Amino acid sequence: MPKRWSLGVLEDPDTEEVPGTVRLLSSTRQEPLGFETVKSEEKRTPDGKIILNPQPDDHPDDPLNWATWKRDAALLSLGWHCLVGGGQTPILAAGFNDVAKTFGVTIPEVALTTGLYMMGMGIGCLISSPTAIIFGKRPVYLFGVVLFLASSIWCAASQSYGSLVAGRIIMGIGVAPCEALPSATIAEIFFLHERAYRVGVYTLLLLGGKNLVPLVSAAIIQALNWRWVFWIVAIIVGFNLFLLFVFVPETFWNRTPRPKTRPSVLRRVSSSLFSHTHSGLKIKHSKSRSRRTSLDRNKATDGNAAGSEPVNDPVVADIDTVRPTDTRRAHFEQAESEESKPENPEDPSTAGEIYRLNAGKSSRASLDEYIRTARFSRPEEKEPTEPAQPPAPLHPKPFIQSLKVYNGILRNESWIKAAVRPIILFSYPAILWSTVVYSFSIGWLIVLSETVARIYQEDPYNFSHLATGLVYISPFIGGIIGTAVAGKVSDIIVRAMSRRNGGIYEPEFRLVMGIPVAITTAIGLMGFGWSAQEHDNWIVPTVFFGLISFGCSLGSTTAITFCVDSYRQYAGEALVTLNFSKNVFHGLLFSVFFNRWLEGDGSKTVFIALGALHIGALLFTIPLYIYGKRLRLWTHKRVLMQAWT
């Protein structure tokens, strides 16, 4: 019977094996969570203290086996592109008045271009995610960059307000992959214990773009005009196309533990052997009692990346792909039966091990029937076996081959089903919490980008375009500090809590960061609005702006890591859920009414309300921390996503 509590996380009374719960530290036991006996050692970090999760394959093309510089180069290339893409949301923050004068429209109409741009990103997320699942992330990244480049030129050359709006919507679709996919890419190329820091780096660059790009665009608007902002963006995006083409290869690697079409043959065979061994049932052979069914153990695949050849023998294919998982408790033992000992003990084709499962986990009668009819009903003559061959050495693919844009269909799935899965994930409490926190964390910075021109370029501050842009230095510094805390400090807290929990990591341990997220962001929002309306010195609201960015960095990093760690198998779809909500439910809706609300009630009332809303949403962190593990098991048992896979 599992214990009831794990550092405040309520355990399930029936099982410890819950998706998302993993053995992270190996202080006293040498096996992954949920396994009583493991003959082979799990792969670990060089110091042996941390079990690698996920377990990498032996093939050098497995992204987890790439050199550190190669993985970090892919991360930084994507991060830089995300910095440029993320900065497109507030890129006209200092030039709202200029754009309004150019096209003869109002400030709220110019602000609406930001909301429609985010709507384009929401649509792009729903398109890019299923496409990336089926065809890989690399072609989606590259196509998105090309679309981003073309739309930047479109916006720069637009001659009407309608043309600018259309260009911004297309730009949002092109930028969408750099928001929807990188977190899933990080989960594919970094281990769990490395993930929060890398997600923090990605978040820093993404949010840094929202803080730095408006600063640079303000200088360009003041020196030239707002159109040159998009011309310069087009030049930079052209350079990003080169970076992604060279340094971001396809990161997909098939880690499916067993075929989904039917139960594995190993499980069916082992169940029967276990039953026969312990019930005394003997299998009679007409020619020799020592004759055993031999399995060809010399079949080896050259990795399981996209494009690898499948194993033709269904039995061997099933056995070769079976690994212990954290959803079924497996026991491994060796059994030497007197009835089944081979005459030649050195025969390399002899299967000397049997595997058994818990009796309550499968239907033994039906499996025994399968064993009798499918596995041991063989011709009487002994089949010739090929001599054992040493495994062929594994070599990484050439660099030129890694530059291929299209690697074929990676998963035989329905595009429609893959597009629906992010919507289904709204019913998962952990992802719903992450969606709300992520939407607020990014959304508040977008709301502020629509506010700074009104607050700083009017009385009493009367800032120029450049001075308004320089205000973004404060949130940039706050974002750097927030990312450092959310990344490194979060990892330290998680490891310490896992160590106190017997080496077991629960994703709910990430929720501890919800406390500073709620406090810092709410104080920043309330202080910014209050000080701006009271006409305090310009440094006061600017400092609160930095505090908001600090809290938003904490919130976005915590939301992403908690979401990915809870449902790593749905990481790609979950990030689409987060970004779709942030872009449509927050960005678009707030851009429709926020500026009018600000005009009517003033910054003090508006931002105090936003701070209270933020605290109210974060209060749900407490029950989620307590009941999160049970809720993860509940969603696993409901199998909603399985109907769409």
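**A covered helix and its surroundings**

A: Let's start with helix H7, residues 182–189, which is mostly covered: 8 of its 8 residues are buried. Bear in mind as we go that this is a predicted model. The buried residues in H7 are Pro 182, Ser 183, Ala 184, Thr 185, Ile 186, Ala 187, Glu 188 and Ile 189. What do they pack against? The buried residues of H7 pack against helix H1 (68–86), H4, helix H6 (177–180), helix H8 (192–223), H20 and H21. For a bit of background, the protein has 22 helices and 6 strands, and buried residues make up 54% of its 645 residues.

Now take some of those partners in turn. H4 spans residues 137–157, and Ser 152 is found in it. Ser 152 counts as buried because its relative accessible area is 0%, and buried means under 20%. Setting aside neighbours within four places in sequence, Ser 152 is in contact with Met 171, Phe 230, Val 233 and Ala 234.

Phe 230 turns up again in the largest nonpolar core, which has 127 residues; Phe 230, Trp 444, Phe 607 and Leu 610 are the ones that touch the most other members. Helix H21, residues 571–618, gives the most to this core, with 14 residues. The core also draws at least three residues from each of domain 1 (67–253) and domain 2 (421–644).

Leaving out neighbours within four places in sequence, Trp 444 is in contact with Thr 521, Leu 525, Ile 548, Cys 552, His 586, Phe 590, Leu 610, Leu 613 and His 614.

H21 has another helix to tell you about. Two packed helices are described by the angle between their axes and the distance between the axes. Helix H3 (residues 107–135) packs with H21 at an angle of about 165°, and their axes are 8 Å apart. Angles over 145 degrees count as roughly antiparallel, so that is how H3 and H21 run relative to each other. Their crossing is left-handed.

H20, another partner of H7, covers residues 539–566, and the loop between helix H19 (514–533) and H20 is the place of His 535. Phi of His 535 is near 60°, a positive value in a residue other than glycine.

Asn 462 counts as partly exposed because its relative accessibility is 47%. Pro 460 also has its place in the loop between helix H16 (452–456) and helix H17 (465–470). A cis peptide bond joins Asp 459 and Pro 460, with omega about 10°.

At 32% relative accessibility, Phe 245 counts as partly exposed. Not counting residues up to four places away in sequence, Phe 245 touches Arg 138, Leu 142, Leu 403 and Val 405. Phe 245 and Lys 404 are 159 residues apart in sequence and 8.9 Å apart in space, C-alpha to C-alpha. For the protein as a whole, among contacts between residues at least 6 apart in sequence, 83% join residues at least 24 apart.

Technical notes. Residues are numbered from 1 along each chain as its sequence is written. This is a predicted model: local features need pLDDT of at least 70, side-chain atom pairs count only at pLDDT 80 or more; totals for chains, interfaces and linings use all residues. Side-chain values use heavy atoms; hydrogens and water are left out. A nonpolar core is a set of buried Ala, Val, Leu, Ile, Met, Phe, Trp, Tyr and Cys residues joined through side-chain atoms within 4.5 Å. Buried means under 20% relative accessible area, exposed over 50%, partly exposed in between (1.4 Å probe, protein chains only). Helices (H or I, at least four residues) and strands (E, at least two) are DSSP runs, numbered from the N terminus. Domain bounds come from an automatic or database domain assignment. Contact means heavy atoms within 4.5 Å. Axes are lines fitted to C-alpha atoms, for helices over the stretch in contact, and angles run from 0 to 180 degrees between N-to-C directions. Angles under 35 degrees count as roughly parallel, over 145 as roughly antiparallel, 65 to 115 as roughly perpendicular and the rest as oblique. A crossing is left-handed if the near helix is turned anticlockwise from the far one by less than a right angle, and right-handed if clockwise.
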